[in-house]
Amino acid sequence: MEMLVDWDAHIEQWSHAAVRLQRIRAYREQGQGNGEVVGEQFDSQSGSEPEFTLNAHIGCFFVLTRGEVRIRMADEVYHCRSPYILHGGEGTGLSFDALDHHEMWDGYLVFYSAVPASSEERKSLALSYGFSPYALLPIQEKCEAMERLWAGGEPLDKLQGQSYFLPFVHEILRQRTQRLTHTERSRYNIVAEVIQYIQVHYSEPITVEKLAGRYDCSTSYLSRLFRNQMRLGPIEYLIHVRVQRARKLLLKSNAKVQDIASQVGYADVYYFSRLFKKYTGRSPLQFRTEHRKITHARVQNNPLHGLESSIVSTSVHSHNENESYYQCSQEGDTSMFQFPRPAFGAMMVLCTSLILSACQASTTPGGTNAQEPTSSTATTVVSDSTAAETRTYTHLKGQSEIPVHPQRVVSFFHLGELMALGVKPVGTTTYILDNPHISDKTGITDVGVPPDAEKILALEPDLIVTTAAFAEAVEGGYDALKQIAPTIVVEQNNDPVKDVEMFGDILGKQEEAEQWKANFTAKIAEYKEKIKPYVEANETFSILNVRPDALFVYGDTNMGGNILYKYLGLKPAAKVDSDVIHGDTWEISSEVIPEYIGDRLFLAVNKGAEDKLKDMQKLIDASPAGKSGQVYSIDFDQFLPSDAIAIEKQLDIITDLLMGKAQ
């Protein structure tokens, strides 16, 4: 049974075996194909369905891209509805039977040869299985490319076709293992998939529509998930990736600005320069010149420069993913990754030993006693000793040894939860740090978006906490982060109560977490009583966000929706409940605004959207909330976060509004 398959071993065999693409055949129009097939016995009589047996060392993948078909393979019958993937190993017999001969089905048969290193590996590679991929398009695109190149017949085309085969296999096995880990497509996985795609294809034309199409969801749904998890939209993230790549290319090469602009996806060098200045404060040439001056001065005054330059390679690698599916050098593959972590740690231990030896020497008989440590120094010693204790923590990426009481935490997303527990992290990401409800941000470093691994390393964290999406956003992903410090990948619950409990466990602050939960629960109960005289039992509520180019309706996760619907128990408007909270609607057109506005409306208008609001005003005025004058203005920036600190302040604002108190 498939649940007993050792998928890690199966994937390992793929990395050991000698494999190559043999043929690819496209089936269209009720099974009619094109091209010659190798390594099979094929019945091509008119009107019959494909039937064949794979010869020795020949395996195949079948990718069903449209329609339905029944396949007999290895004594099993698969009723396949697109999208579907089947794999058959050598000696496997396959036959196709269209369920309805009047219905078309499309697909690809990809034949490959595999020479394993041993008989055991041969058995593992011959594994037969089938599953529904959650993202067909990345697989289908590689099939289309392989078929096009193979059909060309030219040696260079076939060589390029070969180069698509292993990425094709990698994508299939990656989605297979993801399916086993997550029985249904989870929200953070979709965002992580999009981030991976942007990281590889940033130099190509990318739109939200294209991204949504790849992952079979609407543009509004994808944008909502992305903004909830990254605090910025997918195209904003794309711009950040391109600017960060451009910065690296400016510093690591002497390429012309127009060449760098083209390399990161901008054909117009002037537009690129304006965009670069907007995000960095300097033009590309100014950035290169100023940074090199600073670097030169630092190197001239750095006694360790000779040691560093003798170890770290200064060669510049290509960043063009169009040359190869996999990057040979990712951004962030700088000197920090040239120093293996153990070697760096050994060097730090050596330096510490020398310092301690010097201190001990100063207290030997006949010498001058060293100065007594101050209270702050003594505290640091105790804290370091406590932090040295570790425990095993299970998270989304497995198990990690983390400090029992971490002292220097970098958290990419959950700033408010840490602060609510009295822990100030040493670093977090840009848009999380912008939280207007957190007043004291001294000592917290902005590690950027995407997070900059070098900045994180410089903070010397003893624990890194990230969500799956932010882990993918870092160059090198989770593997790069765990080289810096113990790293755990946690769920993004969008529920401050669950998140505070989770971080109470992570930080060894269970008592503080329980106290916060008790206080928050009591506050909710108190505020429910406060608003009772002001809200009728059957009144319905809505939250509308007006932007310069779009209109959004919020559900029960943020923008006050969690407070209204989850905590205070107020009723959403019927369409909000069905289409937003229990559906995937987020962005709406102006014509349907009246359908989503209930008896009371919370309205967030973004900067620059004043004209858009004027166009919508008549529709809002004609709604139940508009007619009764129950329209409340809220600040978008104040209500976007949904962390433990923000939620309490938002609760105060909403309660005051419902009670008629001026804001």
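Predicted model: local features only at pLDDT ≥ 70, side-chain atom pairs only at ≥ 80, totals over all residues.

Mentor: Residues are numbered from 1 along each chain as its sequence is written, and side-chain values use heavy atoms, with hydrogens and water left out.

Trainee: How many helices and strands does the secondary structure come to?

Mentor: We take DSSP runs numbered from the N terminus: helices are H or I with at least four residues, strands are E with at least two. With that rule, the protein has 29 helices and 23 strands.

Trainee: What percentage of the residues is buried?

Mentor: Buried means under 20% relative accessible area, exposed means over 50%, and partly exposed is in between (1.4 Å probe, protein chains only). Out of 663 residues, the buried share is 48%.

Trainee: Is threonine 467 buried or exposed?

Mentor: Threonine 467 sits in strand β16 (residues 463-467). Leaving out residues up to four places away in sequence, threonine 467 touches Phe413, His414, Val489, Val490 and Gln492, where contact means heavy atoms within 4.5 Å. Its relative accessible area is 1%, so threonine 467 is buried.

Trainee: How many salt bridges are there?

Mentor: Side chains of opposite charge can pair when their charged atoms come close. The rule here asks for a side-chain nitrogen of Lys or Arg within 4 Å of a carboxyl oxygen of Asp or Glu. The count comes to 21 salt bridges.

Trainee: Which residue meets arginine 174 in a salt bridge at 2.7 Å, N to O?

Mentor: The partner is glutamate 193, with N to O at 2.7 Å. Arginine 174 lies in helix α4 (residues 155-181) and glutamate 193 in helix α5 (residues 187-201), so the pair ties together parts 19 residues apart in sequence. Both residues are buried. There's a salt-bridge network here too, linking Glu171, Arg174 and the partner you asked for, Glu193.

Trainee: How many residues apart are arginine 245 and glutamate 475?

Mentor: Their side chains meet in a salt bridge (2.5 Å, N to O). Arginine 245 is in helix α8 (residues 234-252), while glutamate 475 is in the loop between α19 (468-473) and α20 (477-484), so this pair links distant parts of the chain, 230 residues apart.

Trainee: Why do the buried residues of α24 line one face of the helix?

Mentor: In helix α24 (residues 574-581), Val576, Asp579, Val580 and Ile581 are buried. What covers them includes α7 (219-230), β18 (540-547) and α23 (561-567). For the arc, we use directions from the helix axis to the C-beta atoms. Seen down the axis of α24, the buried residues line one face because they fall within an arc of 160 degrees.

Trainee: What volume does the largest cavity have?

Mentor: On a 1 Å grid over the protein atoms alone, a cavity is a set of points where a 1.4 Å probe fits but cannot get out, and lining residues have an atom within 4 Å of a point. Grid points are joined across faces, edges and corners, and the volume is the space filled by probe spheres set on the points. The whole structure has six cavities of 30 Å³ or more. The largest has a volume of about 80 Å³.

Trainee: Which residues lie nearest the centre of the largest cavity?

Mentor: The lining has 11 residues. Elements giving two or more of them are β4 (58-66), β9 (106-115) and α2 (119-125). Nearest the centre of the largest cavity are Glu90, Tyr112, Ala114, Leu125 and Ala126.

Methods:
1 Å grid on protein atoms, 1.4 Å probe; cavity = no way out; pocket = protein on both sides within 12 Å on 5 of 7 lines; lining within 4 Å.
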